[in-house]
Amino acid sequence: MSALGWAGGITQPVLIVAGSPVLVGMMRQVRARLEGRAGPGIAQPWRDLRKLFGKEAITPRGTSEVFRFAPLVQVATVGVVAVVAPFITAASALGAVADLFAVVALLALGTVALALAGLDTATAFGGMGASREMTIIALVEPTLLVAIFALSVRVGSTNLTDIVSATLRDPARMVSPVSLLAAVALVVVVVAETGRLPVDNPSTHLELTMVHEAMVLEYAGPDLALVELAAAMRLSVFLGLLANLFVPWGIATTATPLAVLVGILALAVKVGLLGAALAAGEVFLAKLRLFRVPELLAGSFLLALLAVAASFFLA
Amino acid sequence: MNLTGVGLGAAVVIGVCTALLGLVLPSRARPAAVGVGTALTGAAGVLAGAAALAGRSFTVALPGVLPLSGVEFALDALGGLFVAVTGAVAVAASVFAIGYARSHGLGARGVQVVFPLFVLAMLLVPAAASVGTLLVCWELMALTSLLLVLAEHRQRREVAAAGRWYAVMTHLGFLAILTGLLLFAAHATDDSFTALRQAAQQLPPGVGGAVFVATLIGFGSKAGVVPLHAWLPRAHPEAPSHVSALMSAAMVNLGVYGIIRVGFDLLGFSMLGAGARWWWLLVLGLGAVSAVYGILQAAMSTDLKRLLGYSTTENMGLVLVGLGAAGLFASLGQPVLAGLALGAALLHVLNHAAFKSLLFLAAGSVLHATGTRDLDALGGLRTAMPVTTGLFGLGALGASALPPGTAFVSEWLLLQALIHGLPSAGGASTLTGTGTSTAMAIAMPVAVAAIALSAGLAVATFVKAFGVGFLAKPRSAQAERAHESPPSMLAGMGLAAIACIALALLPTTVLPALSSAVAAAGTAAVGSHPAEAGLITLRLAGVAGVLSPLSLAVALLLGALLTAGLARAVTARRQRGGALGPGGGRRVARLWDCGGGPLSARMEYTATSFAEPLQRVFDDVVAPETDVDVDHHVESRYLVRAVEYRRRVPDRIERRLYQPILDGVAWWGRVGRGVASGSVHRYLGYGFYTVCAALLLLALAR
């Protein structure tokens, strides 16, 4: 394990935990301004979390350990990804885990934990949210895997650090048709995975439309705080991965404080820009009907498949 | 006689003695004695397999045992792997069977005598070293398993139908294997595998292809590969649960074994030619279709054991994708990748055996406690059956290819093999010719898409099976009355669970065994070392790729603990004002019921409703059948009295492919009925005319 890996393993989770609520706040603020509202300011999610952590912990009647531990599992999965994936430094703290398939599967594990928690509550809302989330993930997972495959097949490795360093060495790689197709597919998938418009509306509590919120309806207090934090971290992690897979500029390749600082700034700027673009895009979008979502995802699956086929045919 | 031979001999002796014990013992002592005896048979099999994997191969020829062909056994590393897997599954299943048989009226003499013989037959199939021996053992395995499938035929009518399907399908498969291997043996000096290997070098390509396809049909139908899977989702659910575990985790593997033995080993020389590339494309295609179709049907299924049966089809499909990729790589002259893909396929066989036996045994435990396998009627088992719930959860995690589960490692390995299939991918060797790259460019995306789709659907399927079946509130009175299973059943599940955990966290421990099995299967075209084993980190040999499932699991655990600690610290600091109740515990509160009073179990999501969105998405593929019956009041047609809504998701391939054949057979039967009027004179007349016709034919043909 190199010094660079250590630096990344320590700074990345800290930055992502601290920064992800700010990112969510920033995105809400962008949306509010574009819609002509004043907005609560970018620190509002942190204030919400602070408030929630101050409330008493509540166990809804009839729920089990699955419900209790699901937020922990979700935070832990995102946390592990935040430690191992190359966000700030090009080396990983735990190289043998920084595999793209492992990372994607870990993030899916967090979703599965929440879906099980939703089913565990035995309410219609919980089951509904879990069922919808699983439908979406059953289509998102394949797209992610295939898109990853398209990216890694040319590098000859699924290790994230290898992919990032290969792109750093050869920036022309990312304007190839393979990368572009994979990028479009990944954007759609990231939107679906993080529960943004047009797949899911993060600010709704209308039972007919909600997906993520329906699963976590029974959470309150510190548990809810963890769920919200995990959701924010997921968003940052996905945007960070998206940014660094295609535009890894600025990532620290040496373990000097300056390089790490540049890495932190680069990540913040890239993720901030992506988040702002996503929020701005959401202003112009309405939520898709639930049964239209699979069409969108099937489209992105096809794009990812085309990317794989292209990577073999253009080789 | 070395350790392998001793193990195999012990398995035979103990197995036969156990069957005899089952015959003579009184019914009270029978299940325990047979269970222990069968477990010992399995343990001896594990010993033999492990010794064979360690390099001590064993050969014995007993020409006097079987007339005409004689019996010949040889256990090499490839067979040893399958013998060891079968033995290990048998140990877990027979320990489980002790408690299960007692409570399910399975103590009858017939079942108890056949059970050890079934295990024995499965242990002998991979050890067979001649066509005659293989066919005898194969048939013995089919017959004993058929009898076991029929064990509960008095309780349910479906059992008989399942038995019929199984009997017909397994014998058609047997016929295909027989045809293929006899065709092969006709070109060799005798029917031993050694002679076949030599004959393969001068085999005409057409014959090689015919042998391969015929055996692929036979072995594929045993492995439950689409479209020959129709028996599997019938027979596996209707068999007693420990038998289901054995069939689903051990018997289907032998289909894979057959394909590897014939395709890679016996036909080894022919498979290398460019002319044989379509074999492996066929295998890969069948695997891809099976994987996606199997898991799709599993996702729609509401019967717990049927769901697991379809999941077996999926996993065997993934194994076949691995085999197809391995054959393709080998025929393209890429030994490293071929070894990697074959190693991944074998590891998946191993992993599948572990988690599927656990899942089927846990399903048996549920059946034991509630008497139903209908997920729509289950739920809420976690309070009454905490151990079973935990173990099923472990198995479901393993089956859904998520880390730190069992199947994740092998699917990762499989994807690694496919990734390096690109020539410029920094791989070990370079490809030549344009035809090769076109075949790869078409096959690889299809394979990847199939693996990816099945992985995604598997997650949804097993969340449904675990979440709906075990969590939430009981949906029926049977589920409410559930109780934990007796210790022997829990012990059987525990053994399978230990195997699951070991394979999930330390897959590196079985890699040396896999390497020797791959080496035994392969000709020179298949590299012998798929991966180098550090103790913790899995590092691929010859190509880049590392994964450490153990560090992943540890990191996850540390992450969860750290989060819990931090959250607790933050909460405690924030709540110093006294918001925390007495004792600092968590307050129990009502569920949100929209202010409408307490929620009943009827308001819960069921398995059907959980899968409904997915079913809608794949509407065109699964083609569900919907019936709506509207009853009107007698007084007025405008008043609706009742609306009845029924929806079934039948197996579409089965309906399209098998139904016409069945209809044709039924038509033939009806036509034939007119000929059989019951008059003895007429029958004598038929006989007379037939003899005359035969004589005429002979006279003309001579």
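Two residues are in contact if their C-beta atoms, placed from the backbone, lie within 7 Å. This is a predicted model, in which local features need pLDDT of at least 70 and side-chain atom pairs count only at pLDDT 80 or more, while totals for chains, interfaces and linings use all residues. Residues are numbered from 1 along each chain as its sequence is written, and chains are lettered from A and ligands numbered from 1 in the order in which they are written.

**Stop 1: where the chains meet**

Select both chains. On the chain B side 74 residues are in contact with 76 residues of chain A. Helices (H or I, at least four residues) and strands (E, at least two) are DSSP runs, numbered from the N terminus. The elements of chain B that give two or more residues to this side are α16 (406-419), α17 (434-470), β5 (546-547), α21 (549-574), β6 (587-589) and α22 (607-617). Colour α17(B) separately: the largest share, 17 residues, comes from this helix.

Next, colour by class, where Ala, Val, Leu, Ile, Met, Phe, Trp, Tyr, Cys and Pro count as nonpolar, Asp, Glu, Lys and Arg as charged, and the others, Gly among them, as polar. The side of chain B that touches chain A has 49 nonpolar, 17 polar and 8 charged residues.

Now show strand β1 (residues 58-60) of chain A with β6(B). Strands pair if DSSP finds at least two bridges between them; here 3 bridges join the two, which run parallel. A:Pro60 has B:Ala589 as its bridge partner in β6(B).

**Stop 2: a residue in α16(B)**

Select B:Leu414, which lies in helix α16 of chain B. A residue is buried if 20 or more other C-beta atoms lie within 10 Å of its own, exposed if 12 or fewer, and partly exposed in between, with C-beta atoms placed from the backbone. B:Leu414 has 26 other C-beta atoms within 10 Å, so this residue is buried. Not counting residues up to four places away in sequence, B:Leu414 touches B:Leu318, B:Val321, B:Gly322, B:Ala341, B:Ala344, B:His348 and B:Ile451.

**Stop 3: the largest nonpolar core**

A nonpolar core is a set of buried Ala, Val, Leu, Ile, Met, Phe, Trp, Tyr and Cys residues joined through C-beta atoms within 7 Å. The largest one has 380 residues, of which A:Val146, A:Ala147, A:Ala307, B:Ala341 and B:Leu358 touch the most other members. Helix α13 (residues 335-370) of chain B gives the largest share of this core, 24 residues.

Which residues does A:Ala147 contact, leaving aside its neighbours within four places in sequence? They are A:Ala182, A:Ala185, A:Leu186, A:Val189, A:Ala304 and A:Ala307.

**Stop 4: a helix of chain A**

Move to helix α4 (residues 100-120) of chain A. Its 21 residues reach 30 Å from first C-alpha to last, close to the 30 Å expected at 1.5 Å a residue; the expected span is 1.5 Å times one less than the number of residues. In α4(A), 21 of 21 residues are buried. Just after α4(A), select A:Ala122, which takes a positive phi of about 65°.

**Stop 5: domains of chain B**

Colour chain B as domain 1 (1-204 + 226-249), domain 2 (273-423 + 442-568) and domain 3 (619-702); the bounds come from an automatic or database domain assignment. Taken over C-alpha atoms, the centres of domain 2 and domain 3 of chain B are separated by 39 Å. Their contact takes 4 residues from domain 2 and 5 residues from domain 3.

**Stop 6: strands of chain B**

Select strand β7 (residues 625-632) of chain B. Is this strand largely covered or in the open? Of its 8 residues, the number buried is 0, so β7(B) lies largely in the open. Strand β8 (residues 640-648) of chain B pairs with β7(B) in the antiparallel sense over 8 bridges, and B:Glu625 stands opposite B:Arg648.

Strand β2 (residues 71-75) of chain B is mostly covered, with 4 of its 5 residues buried. Strand β1 (residues 58-62) of chain B is joined to β2(B) by 5 bridges, and the two run antiparallel. B:Phe58 stands opposite B:Leu75.

**Stop 7: α5(B)**

End at helix α5 (residues 131-149) of chain B. Buried residues here include B:Cys137, B:Trp138 and B:Met141. The buried residues of α5(B) pack against β2, α4 (109-124), α6 (157-186), α9 (232-238) and α10 (241-266) of chain B.
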